[in-house]
Amino acid sequence: AGSYPANMVTPAYTRTYVAGIDGDAIVMDARSMANAGTWEPSSLTNEITVSCWVKWAGLRGSGTYQGIVGKADIWGTANGTTNKWYWRTDNNVATLRWFRNSVYGPNITLTSGGQWQFLSMTVANNTATAYVNGIRIGSAAFSFGGGNTNPIWIGVAENNMTRWFNG
């Protein structure tokens, strides 16, 4: 286990900062995605934990998915087996979850209106577990896909500028 140094992440665009819980926070919008490289965080243990503070700004309209992070390059049936994992909402709903094509983890209901939430999602022993503000809210069977060489995208679920996180 470990973490990836923030100075190793390659921002795609200039960042905008706002006051966060402890210091500055990055505003997530269509111009805030970053590529964290193709390293594989679950390679040694087949486990992963992703956590972040989120101040969600709400839905963006029909046909929109909102990704926080993902180890994937493209979405689609033909490429579905090459996507390792995503952490994003479904189409135009306030539910965030861990998933890959046709495999879903537990749901996290996002709150909008200026409230910060501390979100965590873990995968261990083929089970995804979701936490909100430190409270376990659910678990579901989950397995990683292929796609070990895909990049890790922050601020979007995959290399798709339309699936940015609104917050």
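Buried residues are those under 20% relative accessible area, a cut-off applied here to a predicted model.

Figure 1. C52 lies in strand β5 and, with a relative accessibility of 18%, counts as buried because its value is under 20%. Leaving out residues up to four places away in sequence, C52 touches I68, W87, Q117, F118 and L119. The C-alpha atoms of C52 and Q117 are separated by 8.3 Å, although the two are 65 residues apart along the chain.

**Figure 2. The open sheet containing β5.** The sheet has 4 strands in the order β5-β10-β11-β12, with antiparallel pairing. β5 (48-54) and β12 (135-141) stand at the edges; each has a single partner strand, so one side of each lacks a neighbour in the sheet. On average, neighbouring strands are turned by 15° against each other, direction ignored. β5 pairs with β10 (residues 117-124) in the antiparallel sense over 7 bridges, and W53 stands opposite F118 in β10.

**Figure 3. The largest nonpolar core.** This core comprises 26 residues, of which I68, W87, W98, I108, L119 and F142 touch the most other members. At least two core residues come from each of β5, β6 (67-71), β7 (85-89), β8 (95-100), β9 (103-109), β10 and β11 (127-132). The greatest contribution is that of β5, with 4 residues.

**Figure 4. Aromatic pairs between β7 and β8.** The whole structure holds 7 aromatic pairs. In one of them, the rings of W85 and W98 have their centres 4.7 Å apart and their planes at 50°, so the pair is tilted. W85 belongs to strand β7 and W98 to strand β8, so the pair ties together parts that are 13 residues apart in sequence. W85 is buried, at 1% relative accessible area, and W98 is also buried, at 0%. The rings of Y86 and F99 have centres 5.2 Å apart and planes at 15°, so this pair is stacked. Y86 in strand β7 and F99 in strand β8 are likewise 13 residues apart. Y86 is buried at 0% relative accessibility, and F99 is buried at 2%.

**Figure 5. Aromatic cluster and a charge over a ring.** One aromatic cluster is formed by W85, W87, W98, F142 and F144. The charged end of R88 sits over the ring of Y86, 5.6 Å from its centre.

**Figure 6. T64 in the loop between β5 and β6.** T64 is found in this loop and is buried, with a relative accessible area of 12%. Its contacts, apart from neighbours within four places in sequence, are D90, N91 and N92.

Terms used:
Residues numbered from 1 in each chain as written. Predicted model: local features only at pLDDT ≥ 70, side-chain atom pairs only at ≥ 80, totals over all residues. Heavy atoms only, no water. Pairing = 2+ DSSP bridges. Axes fitted to C-alpha atoms, helices over the stretch in contact; angles between N-to-C directions. Core = buried A, V, L, I, M, F, W, Y, C linked by side-chain atoms within 4.5 Å. Buried < 20%, exposed > 50% of the residue type's maximum accessible area, 1.4 Å probe, protein only. Contact = heavy atoms within 4.5 Å. Phe/Tyr/Trp six-rings, centres within 6.5 Å; stacked < 30°, edge-to-face > 60°. Lys NZ or Arg CZ within 6 Å of the ring centre and 35° of its normal.
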